[in-house]
Each structure stands twice: as structure tokens, then as C-alpha cells.
Amino acid sequence: LDQPLPYQSGSDGDSAGEPGFRAVVFTSSRAVASFEAAAAGRASRGLPSTGSPVKSGEEEEPVAGCDGVEAVLKLPCFVVGPKTERAARQLGFTDVRGSGSGSGAQLADVVEEWLRGLPPSSRPLLFPCAEKALETFPDRMRKAGIPVVQLGVYRTVEAVPESTKELLRSLSGLASEQQQAWAR
């Protein structure tokens with residue numbers, strides 16, 4: 001959450017003070033944990049955990065009337081799988097749906113079905129995810145005309161190749177041999 005979340009209180013004729021999102025969508029427990037950590041990091045710096053963007057070059061300041069994560073936790077939360085459901089509930093979401101889905105595509109079906117029963121709105125879904133996430137879920141939503149705000153909350157890194165691990169182990173062993181020789 002280095003960049004503040006778009007926060008649009010009262011948009012679409014909604015009650016003042018509501019976040020500018022319709023729901024939150026997590027496709028992994030890592031996204032839930034990273035969203036929580038990022039929000040906590042902003043709060044520890046005296047900033048709202050979500051807020052309006054500031055102009056380039058300006059210091060970030062708390063946004064008046066921004067409830068941050070507390071307001072987001074009141075939204076419906078859609079998840080892939082029971083592990084992600086547990087993580088979302090531990091974070092504080094109470095209205096958690098879709099845990100029976102096993103993929104972003106299946107979760108898209110659940111979200112589309114839920115939205116069919118609601119009045120139209122331009123408020124987007126908030127989708128905290130990896131910086132380079134699969135586009136399955138957001139693509140499906142956009143094709144259905146449902147706006148999505150993707151928020152990169154963690155970075156997936158490639159695993160260290162085995163050859164690099166072997167090199168590090170041999171260097172570590174060499175260092176141990178050097179220490180033993182110096183001790184003699």
C-alpha cells in the first residue's frame with residue numbers, strides 16, 4: 001500500500017462514509033496477509049490505512065473522514081478456498097463468500113451471481129493481489145462490465161535455482177574451513 005487506495009466516500013449516491021468499493025476479493029491467503037501488513041504499515045506511519053492519493057512530491061497526510069481498513073472490513077469479501085476464508089475472517093471480515101470456489105474463474109461466477117441481485121453501481125471491486133497476478137479474475141469482471149481496482153500488495157519472486165543454492169553451500173563450507181584454520 002505504498003500508494004493510497006482510491007477512497008470515494010458517498011459515490012453513486014451511497015451513504016457518506018462508505019468506502020468507494022462494492023466488495024473485496026482475495027484469491028490467496030498471501031494477499032490477505034499482505035493487505036493486512038501493508039495497511040498496518042501505513043497506520044504505523046500515522047497515515048490512514050486507505051486514503052485519497054496525494055499529488056506527486058507532496059508528503060502523505062491523513063485524510064479526514066477516512067475510516068481505512070475498518071470500513072473495508074464491513075464490505076462483502078469474496079475468497080478462493082477455505083485457507084483464504086480463514087485468513088479473511090482472522091483479519092476481521094465477517095461477510096465472507098465463495099470459499100467453495102477453487103479458482104479465480106470459479107470465484108468470478110460467484111461474484112457475478114451476487115451482483116445480479118444488486119442494483120447497478122459504478123463502485124469497483126477491490127482486488128488486492130500480487131504485483132504480477134494472473135488476470136483471470138479481473139478479466140472476467142471487466143468483460144462483464146464490472147470495474148475492478150487491482151492493488152499489488154506483494155511481489156512474487158522466483159525461487160533460487162538449485163545451482164545457486166549449491167554455490168552458496170560450498171561458499172559457506174569454505175568459510176567454515178577458513179575459520180577453523182584461523183583458530184588453529
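Two strands pair if DSSP finds at least two bridges between them. In this predicted model, strand E4 (residues 125-130) is joined to E5 by six bridges, and the two run parallel. E4 belongs to an open sheet of five strands in the order E3-E2-E1-E4-E5, with parallel pairing. The points below cover the sheet, the helices across it, the salt bridges and a nonpolar surface patch.

**Sheet**
- The edges of the sheet are strand E3 (96-97) and strand E5 (148-154); each has a single partner strand, so one side of each is left without a neighbour in the sheet.
- On the E1 side, E4 pairs with E1 in the parallel sense over two bridges, and Val24 stands opposite Leu126 of E4.
- E4 is mostly covered, with six of its six residues buried.
- Strands of a sheet pair through backbone hydrogen bonds.

**Helices across the sheet**
- Helix H4 (residues 104-116) lies across strand E1 (23-26), strand E2 (77-79), E3 and E4, and runs at about 155° to E2.
- Helix H5 (residues 136-143) lies across E1, E4 and E5, at about 170° to E5.

**Salt bridges**
- The structure holds six salt bridges.
- Arg140 and Asp109 form one through their side chains, at 2.5 Å from N to O. This pair links distant parts of the chain, since Arg140 is in helix H5 and Asp109 in helix H4, 31 residues apart.
- Arg140 is partly exposed at 26% relative accessible area, and Asp109 is partly exposed at 41%.
- A network of salt bridges links Asp109, Glu112 and Arg140.
- The side chains of Asp95 and Arg97 meet at 2.8 Å, N to O, in a salt bridge. Asp95 has a relative accessible area of 26% and is partly exposed; Arg97 is partly exposed at 30%.
- Glu135 and Arg142 also form a side-chain salt bridge, with an N to O distance of 3.9 Å; the cut-off is 4 Å.
- Glu135 is partly exposed, with 34% relative accessible area, and Arg142 is partly exposed, with 39%.

**Nonpolar surface patch**
- Leu167, Leu168 and Leu171 make a nonpolar surface patch of about 290 Å².
- Leu168 is found in helix H6 (residues 162-183).
- Leu168 counts as exposed because its relative accessibility is 53% and exposed means over 50%.

Terms used:
Residues are numbered from 1 along each chain as its sequence is written. This is a predicted model: local features need pLDDT of at least 70, side-chain atom pairs count only at pLDDT 80 or more; totals for chains, interfaces and linings use all residues. Side-chain values use heavy atoms; hydrogens and water are left out. Patches are made of residues with over 30% relative accessible area and no salt bridge: like charges are joined within 9 Å, nonpolar side chains (Val, Leu, Ile, Met, Phe, Trp, Tyr) within 5 Å. Accessible areas come from the Shrake-Rupley method with a 1.4 Å probe; for residues, only the protein chains shown count as cover. Helices (H or I, at least four residues) and strands (E, at least two) are DSSP runs, numbered from the N terminus. Buried means under 20% relative accessible area, exposed over 50%, partly exposed in between (1.4 Å probe, protein chains only). Contact means heavy atoms within 4.5 Å. Axes are lines fitted to C-alpha atoms, for helices over the stretch in contact, and angles run from 0 to 180 degrees between N-to-C directions.
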